[in-house]
Amino acid sequence: MSSCSIDLFLTDSHRTEQLGYILGQHLPAGSLILLQGELGAGKTTLIQGLGKSLGITEPISSPTFTLVNEYTEGRLPLYHLDLYRLEKEQVSTICPEIYWEGEEVVPGITAIEWSERLTYKSDRYLEINLVHNAKRGRQATLNLLGKHDLNLDFLLCLASTTVD
């Protein structure tokens, strides 16, 4: 599996949302974003930026208790899953693959919080690990895995405007 990686320092929550916004401008239908990070690391904030970029006006909140929120009003549908409350063996019962395979739903962008609980992944996805540091803000490590028609160079504009 081929990969491309980039590290970004995000000085505040606005930068985290901006990262999501830029991703939403470039990712095609069928994209899968796997988010990892502790509570408060910025996973939902990033997805809120993604939603804004797609033209979704409905408030985006973490689907911790509903498990899946579907936003279909934008340029592309956004499927937001949160696996926090599930054990690994429970994840398959919600059939998360229907969202990234796009066979039972309109193809869109699937963003999954607490993705380390997945037992099955697509053969191509963008993995984002968010770490919050009280002194430096957030660090985002993005890994593009599998065969993609894009790379992460479009994020260099964000990298060049962030500070250590």
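Guide: Start with E2 and E5, which run parallel to each other and are joined by four bridges. Keep in mind as we go that this is a predicted model. Within that pairing, Ile33 sits opposite Ala111 of E5. E2 also pairs with E6, again in the parallel sense and over four bridges. There, Leu34 has Glu127 of E6 as its bridge partner.

Now look at how E2 is covered. Five of its five residues are buried, so the rest of the structure largely encloses the strand. Both faces are covered: Leu32, Leu34 and Gln36 are buried on one side, Ile33 and Leu35 on the other.

The buried set includes Leu46, Ile47 and Leu50, along with Lys43 and the glycines Gly49 and Gly51. What do the buried residues of H2 pack against? They pack against helix H1 (13-26), strand E2 (32-36), E4, E5 and E6. Just past the end of H2, Gly55 adopts a positive phi of about 85°.

A search of the whole structure turns up one salt bridge. It joins Lys52 to Glu17, with the closest N and O atoms 2.6 Å apart. Lys52 belongs to helix H2 and Glu17 to helix H1, so to speak two distant parts of the chain, 35 residues apart. Both ends are partly exposed: Lys52 has a relative accessible area of 48%, and Glu17 has 22%.

Then there are the aromatics. The count comes to three aromatic pairs. In one of them, the ring centres of Tyr79 and Tyr99 are 5.0 Å apart with the planes at 45°, so the pair is tilted. Tyr79 is in strand E4 (residues 78-82) and Tyr99 in helix H4 (residues 97-101), so this contact ties together parts 20 residues apart in sequence. Tyr79 and Tyr99 are both buried. Tyr84 and Trp114 make another tilted pair, at 4.9 Å centre to centre and 50° between the planes. Tyr84 comes from the loop between E4 and helix H3 (88-91), and Trp114 from the loop between strand E5 (109-113) and strand E6 (125-133), so the pair ties together parts 30 residues apart. Tyr84 is partly exposed at 35% relative accessibility, whereas Trp114 is buried at 8%.

Stepping back to the whole chain, the secondary structure comes to five helices and seven strands. Buried residues make up 51% of the 164 residues. Among contacts with a separation of 6 or more, 66% are between residues 24 or more positions apart. The radius of gyration is 15 Å, which agrees with the value near 15 Å for a compact globule of 164 residues. The C-alpha trace spans about 40 × 35 × 30 Å along its principal axes. Finally, the accessible surface comes to about 8,200 Å², with 47% of that belonging to carbon and sulfur atoms.

Technical notes
Residues numbered from 1 in each chain as written. Predicted model: local features only at pLDDT ≥ 70, side-chain atom pairs only at ≥ 80, totals over all residues. Heavy atoms only, no water. Phe/Tyr/Trp six-rings, centres within 6.5 Å; stacked < 30°, edge-to-face > 60°. Buried < 20%, exposed > 50% of the residue type's maximum accessible area, 1.4 Å probe, protein only. Contact = heavy atoms within 4.5 Å. Pairing = 2+ DSSP bridges. Salt bridge = Lys/Arg side-chain N within 4 Å of Asp/Glu carboxyl O. Rg over C-alpha atoms; globule rule 2.2 N^0.38 Å. Areas by Shrake-Rupley, 256 points an atom, 1.4 Å probe, with all protein chains shown as cover.
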